[in-house]
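Subject: Structure handover

Hello,

Here is the structure I said I would pass on. My notes on it follow below.

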Amino acid sequence: MSEVITLNMNTPSVQYLCKKDKRLAKVISMVGEITYSLHKDENAYCFLVHEIIEQMLSIKAGQKIFGRLEELCNGSITPDSISKLSDEEIRSTGTSNAKVTYIRSLTNAVVYKDIDFSELKELSDTEIIKQLTSICGIGNWTAKMYLIFVLDHQDVLPFEDSAFLQSYRWIYKTKDCSAKSVLDKCKKWKPYSSIAARYLYRALDMGFTKEEFHLYK
């Protein structure tokens, strides 16, 4: 059974962030308690396939394509089930030719043991990103999503992610989303950047970013 993590005002990392950033503290109070489950090692491959499919797509479109692929794999997306599909079958889900190539690259890396998810857990963030991005079709964004949502690493700042940046612009009332600016503004979150990012993602999911952010209202 997957481990369930709970974040609330009794969590040391949340208390730390609230002291460091009053704007983030307001968002945390708006969002309330967050619970999430960690992905197991055997689901890491499926997670990365999902992220490859969602690249440059809306969540809704990505989920639809992923669902079709899941059906083709009889409900279980694994290196073995994907290996049994032809490129044409994968493309029939609505996946682009490029993403078929990326999924094949990831699958081959796992099958031929160029990458071992159980061993990745022992490496540093930098080393994990280096290994994952050596696979065709996996960039820094996908690698960081893996660090945050699979390994639950605490200090990953996903400044490449459009959803994160949407909430970032909202909370700080800025249009400057350059990597330098985001890194500078969010350095106060260290060593819990991932926790802060989870709250910004949840604020977006809950629809808060549709209204202007008010610190004291």
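Predicted model: local features only at pLDDT ≥ 70, side-chain atom pairs only at ≥ 80, totals over all residues.

Which residues of α11 are buried? They are F164, L165, S167, Y168, W170, I171 and Y172. Their cover includes α2, α12 and α13. Just after the end of α11, K173 has a positive phi of about 50 degrees.

The axes of α2 and α11 are 10 Å apart, and the two helices pack at an angle of about 115 degrees. That angle makes α2 roughly perpendicular to α11. Their crossing is right-handed. On the α2 side the contact involves R23, L24, V27 and M30, and on the α11 side W170, I171 and Y172. By type, the residues of this contact are six nonpolar and one charged, with no polar ones. W170, I171 and Y172 are also among the buried residues of α11 listed above.

**Helices α9 and α10**

From α9 the contact takes in D125, I128, I129 and L132, and from α10 it takes in N140, A143, K144, Y146 and L147. Sorted by type, these residues are six nonpolar, one polar and two charged.

D152 is in the loop that joins α10 (140-149) to α11 (162-172). Is D152 buried or exposed? Its relative accessible area is 13%, and the cut-off for buried is under 20%, so D152 counts as buried. Apart from neighbours within four places in sequence, D152 has contacts with I5, Y36, L38, L147 and R198. Of these, L147 also belongs to the contact of α10 with α9. The backbone at D152 has a positive phi of about 60 degrees, although D152 is not a glycine.

E54 is in helix α3, which spans residues 41-54. E54 is buried as well, at 13% relative accessibility. With neighbours within four places in sequence left aside, the residues in contact with E54 are I59, G62, Q63 and K99. How far apart in space are E54 and T142, C-alpha to C-alpha? The distance is 9.8 Å, for two residues that are 88 residues apart in sequence.

**Backbone points to check by eye**

- K113 has a positive phi of about 60 degrees and is not a glycine. K113 is in the loop between α7 (97-111) and α8 (117-120). With a relative accessibility of 70%, K113 counts as exposed.
- The peptide bond from K190 to P191 is cis, and its omega is near 10 degrees. P191 is in the loop between α12 (179-186) and α13.

Regards

How values were computed: Residues numbered from 1 in each chain as written. Heavy atoms only, no water. Helix = DSSP H or I, 4+ residues; strand = E, 2+ residues; numbered from the N terminus. Buried < 20%, exposed > 50% of the residue type's maximum accessible area, 1.4 Å probe, protein only. Contact = heavy atoms within 4.5 Å. Axes fitted to C-alpha atoms, helices over the stretch in contact; angles between N-to-C directions. Parallel < 35°, antiparallel > 145°, perpendicular 65-115°, else oblique. Left-handed = near helix turned anticlockwise from the far one by under 90°. Nonpolar A, V, L, I, M, F, W, Y, C, P; charged D, E, K, R; others polar.
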